[in-house]
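Biologist: I would like to learn how to read a structure like this one. Can we go through it feature by feature?

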Amino acid sequence: MRWKKKNKKNAQSTRAARVVRMMRRSLTLAIALLCGLLSYLVGPFDEIRSEPTAKLVLSISALLLVALILRFCFTLNTAGKDVVRVDLKDARDDEEKLAKIAIREFNQRFSHAEAIRLLEFVIDPSSYIMRISEQIELGDEAYVFKTTQTLVGADEKGVDGNEVKRLLVPVLTPRKGELVDNLRISTDDEVVRTLSYRETLGALLTLGRIMVELVLDECPEALWTALQREILRESVAKSGDKTEMSQLLDGVTNTLTSTESLFLRNFLHNFVYDAQAIFPIIAVVPADREVKIKVGFTEDRTRIAGRQSGIPVGLWEWCYSYIRSSFGLVRRSHMIRLSRATRAQSYHLRTEAPEGMYVYDLGLGLAEVSETDSVQISSSNYTHRPIDPRWDCADTRGLTYVHAYGRDLDVVGGPAHLLSQKNIPGGANGTPAPAEVSLRPHIPSLTIELREKPPGLIFVIVLLSAYLMALTLGVGYWHDLIFGLSPSSRFCAEFPAAAGCDAAPNPQSYWATILFGVPAIISGWLVSRFTSESVSRISVSTLAVAAWFVVNSVAAMVLAALKLANRLATVEAFPLLATHQPLWSLLMVSSCACAVMATLLLFLRVRRYRRRSTGVLKRKFVSKD
């Protein structure tokens, strides 16, 4: 069979990939060795080696260039490669048979009343879901969700008068072809089962047929065949397939004129749109007056977060992502699209900042539904209850948690043609909405900015940079005494031929060596404080200042050793700094600037933290109101 041949081809591809990986590692090692050899040959090491020939240097440079080109080519070969998958489509039964078996399995296990109640959940979930409480554990690449959905009144008899003993509740709506990781569903601490793949297909096919018959009083064969194809599709439909299905629906429903028929037609359109994009996870729970369904799962951050930015901001975020990945820094900005907030009458969201961090800023918004959002468009504000929408959050800036609250948000989650005039901005009293108002479905969004709680590691950097600043300034003041220069360096700069100017330094004690050994020791101690947990919370600016301090410490140690070995001759006055010791003068300037920078960062961070934690910002804006 075809899948067996492809499986053999995949095995061969796997062996080829191992060979490619081995070649990449070998080339990386060759590049490292050639770089080390080239730096040794062209470096100022004449005292320990002979002068290399130009032919040798050019040969090694050519080899290095060839290795770099090959390494780049091997990287391009695997950069955009997809996961090796097994294709079993040729072993699949025809769609008509799959549809019949799925419908039969669903109808054998569930009654018509339970199917109708499921349809009500699809059309208007907020009529039964009173509250959704959601907790989010913020991560770098994924978020952990813990959701509690409270259902009230779903145990009532169905429209046909039959009693509903079980509820079929769509708890999640992932996109087709995507897997839900770490899924846990329970009610009253009891594990709840979900419909199997075939049962879910049967449920969708059953609902689709019911909706078609409600709209047209019959189910045309061509429409039913197309609907089966879209529901049985295992991946998200392409734009051409969506357009073709939409035109087919328009063709069979263009003669409808009554208000009720038009509403049902729109629901059918949205149901088919959902069937082309999502595959719901349906939980089976006992019918009761009040039911609480607890759902836990992990979702990829890229599926629920997004931010539109210009070229400068996008370039900075691209650079920052590389820096963050290189040093293990946690993500400090989160833009979360809350797709489940429109499915209940009230919505509560709570999340905690990672340990050692606090909420720096908050922002609420409404984001247009995009192709990547796992949103059930069938859900709308088609309801008879009064609408009093709200989307707000507590001002927890300076604290370690976020609490957001929404009410009647299904009014923004419904498509434009399902919104009544009273719920359209500018559409009161039957007047049309202004042209600039977007009537596309929306979902609430929340932006969270996190920062490290002061003082953090920046306090240690302030102390050490202040010590290094005092050391370099003190050495600059007693320069000749510490390094044992006699006559003075300034005298030798003016009279280089004077007696004693070419003599080696003669320090009077070993305290200079000890003094300059301290920066190296404390630099090592500072690096040891940079554990993976503490480094993950710091900002890029803190990391840059820490690196600046380490460079200053190493430079102080190297310059002191060279001066004691009489390897740095006194030169003429440097024009800009008016000094005879330009390197040490530059070190003094750099160490002072580093200390001032660290002190300013600490002061400003403590200030902004206090303004938020003590409520100064909140009182400021409340007073304006």
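Biologist: Which side chain meets Glu-199 in a salt bridge?

Modeller: Side chains of opposite charge can pair when their charged atoms come close. A salt bridge here is a side-chain nitrogen of Lys or Arg within 4 Å of a carboxyl oxygen of Asp or Glu. The partner of Glu-199 is Arg-193, at 3.2 Å from N to O. Before we go on, two ground rules. This is a predicted model, in which local features need pLDDT of at least 70, side-chain atom pairs count only at pLDDT 80 or more, and totals for chains, interfaces and linings use all residues. Residues are numbered from 1 along each chain as its sequence is written, and side-chain values use heavy atoms, with hydrogens and water left out.

Biologist: Is Glu-199 buried or exposed?

Modeller: Buried means under 20% relative accessible area, exposed means over 50%, and partly exposed lies in between (1.4 Å probe, protein chains only). Glu-199 has 4% relative accessibility, so Glu-199 counts as buried. Arg-193 is partly exposed, at 40%.

Biologist: How many salt bridges are there?

Modeller: The count comes to 16. Another one joins Arg-166 and Glu-114, at 3.3 Å from N to O. That pair links distant parts of the chain, 52 residues apart: Arg-166 is in strand β3 (residues 166–172) and Glu-114 is in helix α4 (residues 112–123). Helices (H or I, at least four residues) and strands (E, at least two) are DSSP runs, numbered from the N terminus. Arg-166 is partly exposed, at 30% relative accessible area, whereas Glu-114 is buried, at 5%.

Biologist: How many helices and strands does the protein chain have?

Modeller: There are 19 helices and 13 strands. Of the 625 residues in the chain, 41% are buried.

Biologist: How many aromatic pairs does a search of the whole structure find?

Modeller: Six. Rings of Phe, Tyr and Trp (its six-membered ring) pair if their centres lie within 6.5 Å; planes under 30 degrees apart count as stacked, over 60 as edge-to-face and the rest as tilted. Take Phe-145 and Phe-297: their centres are 5.1 Å apart and their planes are at 5°, so this pair is stacked. Phe-145 lies in strand β2 (residues 142–152) and Phe-297 in strand β7 (residues 290–300), so the pair ties together parts 152 residues apart in sequence. Phe-145 is buried, at 1% relative accessibility. Phe-297 is buried too, at 2%.

Biologist: Which residue lies over the face of Phe-145?

Modeller: A charge sits over a ring if NZ of Lys or CZ of Arg is within 6 Å of the ring centre and within 35 degrees of the ring normal. Arg-340 lies over the face of Phe-145, at 4.9 Å from the ring centre. Arg-340 is in the loop between β8 (333–337) and β9 (346–352). Arg-340 is buried, with a relative accessible area of 11%.

Biologist: What does Arg-340 touch, not counting residues up to four places away in sequence?

Modeller: Contact means heavy atoms within 4.5 Å. Among the residues that Arg-340 touches are Phe-145, Phe-297, Glu-134, Glu-299 and Tyr-347.

Biologist: Where is Thr-298, and what does it contact beyond four places in sequence?

Modeller: Thr-298 is in strand β7. Its contacts beyond that range are Ala-142, Tyr-143, Val-144, Asp-181 and Asn-182. Thr-298 counts as buried, at 16% relative accessibility.
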